[in-house]
Amino acid sequence: MENATIHTVTDTTIKIDPVTGMVMNLTDLKRCIEEVIMDPLDHKNLDKDVPYFANIVSTTENVAVYIWDHMVKVLPPNLLYEIKIHETDKNIVIYRGE
């Protein structure tokens, strides 16, 4: 994908704590999403503006892997369940760190 720019809908699915009934503090979650997804990727030319994609093809699948790899570093352990990217209404990528 030459000169890929991200303009897709991305879902981050996180497990609910069965004891508290909460995922985590929403302010903290929003900060993590801003730090990992929005600031480095939103409206950026992935191939030129994001160093990770300098040598990795910027497919939607690889964007999902990028988001997963970076979200697991900022979220509490074992909290992230999946990354889902809606490229179009019919083209959706789901990645669960596999």
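Helices (H or I, at least four residues) and strands (E, at least two) are DSSP runs, numbered from the N terminus. The model is predicted: local features need pLDDT of at least 70, side-chain atom pairs count only at pLDDT 80 or more, and totals for chains, interfaces and linings use all residues. Residues are numbered from 1 along each chain as its sequence is written, and side-chain values use heavy atoms, with hydrogens and water left out.

**View A. His-43 in the loop between helix 1 and helix 2.** This loop joins helix 1 (26–41) to helix 2 (46–49). His-43 is not a glycine, yet has a positive phi of about 55°. Its relative accessible area is 54%, so His-43 is exposed (over 50%, 1.4 Å probe, protein chains only).

**View B. Asn-78 in the loop between helix 3 and strand 2.** Asn-78 is exposed, its relative accessible area being 68%. Most residues other than glycine have a negative phi.

**View C. Packing of helix 1 and helix 3.** The two helices pack at an angle of about 145°, and their axes are 9 Å apart (lines fitted to C-alpha atoms over the stretch in contact, with angles from 0 to 180 degrees between N-to-C directions). Contact (heavy atoms within 4.5 Å) involves Cys-32, Ile-33, Glu-35, Val-36, Ile-37, Pro-40 and Leu-41 of helix 1, together with Val-63, Tyr-66, Ile-67, His-70, Met-71 and Val-74 of helix 3.

Definitions and conventions
Buried < 20%, exposed > 50% of the residue type's maximum accessible area, 1.4 Å probe, protein only.
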